[in-house]
Amino acid sequence: MNSNNNQQHHDRATGLKSSLHGVFYQLKLILLVLLQMCKLMDNDENLVFEITTEDPDAGKFDDTVCKYIYNGVPRTMCIQAKHKMVDHKITFGDLTSTASKAPFALARYFTSFLEQKRATIFGDQSLILCTNADLHDNMKDLFDLQPAESALQPDMSDIFDSMGAKCYRFNVDKLKGEGKFVEIRDIMENCSDCNRLAKLLAATVHDEKKVTLQTPLFSIYRNAIANNIVGTCRDSKSFSFDFKEEFITNDTHF
């Protein structure tokens with residue numbers, strides 16, 4: 001048998017295995033959510049629910065989304081699933097990474113959290129990052145371990161208890177003691193709309209691109225941009241404008 005064919009077959013099998021393990025993990029979560037809905041029906045025969053996957057309205061928490069009304073109260077639970085085939089311990093560098101696809105980067109999830117707050121939400125919302133990767137030993141002192149029922153809606157904590165999951169919360173005092181609080185705070189501040197809009201405007205001007213409403217931040221703050229930043233029309237054909245003088249000079253009355 002040709003060795004090149006053997007290698008290609010091995011590569012395809014490895015690639016399939018590496019993609020399927022995440023799918024199976026997500027499927028397990030979906031089944032556990034469905035099972036929990038069935039359990040809730042025992043207490044509320046009027047329970048209604050909807051489970052979706054890859055929900056476009058859930059930002060970075062789109063893998064499994066469950067919207068339900070339990071005892072007359074509407075709620076939404078959004079889960080992002082991250083499964084690792086190899087034994088991976090989450091480090092401080094994983095949390096503070098600025099890489100766009102870093103699986104445990106605080107910046108990408110906090111940004112999504114802020115976007116979710118601005119969106120129209122169906123009832124109370126829980127945003128959950130669920131992973132089989134544990135914290136690195138030197139990270140556990142920076143977090144407080146807490147029961148799932150204290151971190152989540154009580155009617156949903158059973159899902160994660162059945163998985164043997166652990167729920168963590170930052171310990172601010174320990175972060176400060178380790179000198180890591182400022183770094184976390186700066187990451188959060190950079191996720192704000194103000195910071196992201198400023199960077200986006202700077203990049204758009206530098207690259208000589210158009211400001212379009214297809215860009216979500218431009219669409220949200222279009223009135224502020226039009227009223228406070230955009231000045232006199234420079235060229236109607238190219239649809240280009242000057243900046244307002246007050247914006248350039250940073251006038252205190254601006």
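User: How many of the residues of the protein chain count as buried?

Analyst: Buried means under 20% relative accessible area, exposed means over 50%, and partly exposed lies in between (1.4 Å probe, protein chains only). Here, 30% of the 254 residues of the protein chain count as buried. A word on the source: this is a predicted model, where local features need pLDDT of at least 70 and side-chain atom pairs count only at pLDDT 80 or more, while totals for chains, interfaces and linings use all residues. Residues are numbered from 1 along each chain as its sequence is written, and side-chain values use heavy atoms, leaving out hydrogens and water.

User: Happy with that. How many aromatic pairs does the structure hold?

Analyst: Rings of Phe, Tyr and Trp (its six-membered ring) pair if their centres lie within 6.5 Å; planes under 30 degrees apart count as stacked, over 60 as edge-to-face and the rest as tilted. This structure holds 4 such pairs. One of them is tilted: F61 and Y109, 5.5 Å centre to centre with 55° between the planes. Both F61 and Y109 are buried.

User: And which way do F143 and F170 pair?

Analyst: They are stacked, at 4.5 Å centre to centre and 25° between the planes. F143 counts as buried at 11% relative accessibility, whereas F170, at 23%, is partly exposed.

User: Which residues do ring pairs link into a cluster?

Analyst: The cluster is made up of F143, Y168 and F170.
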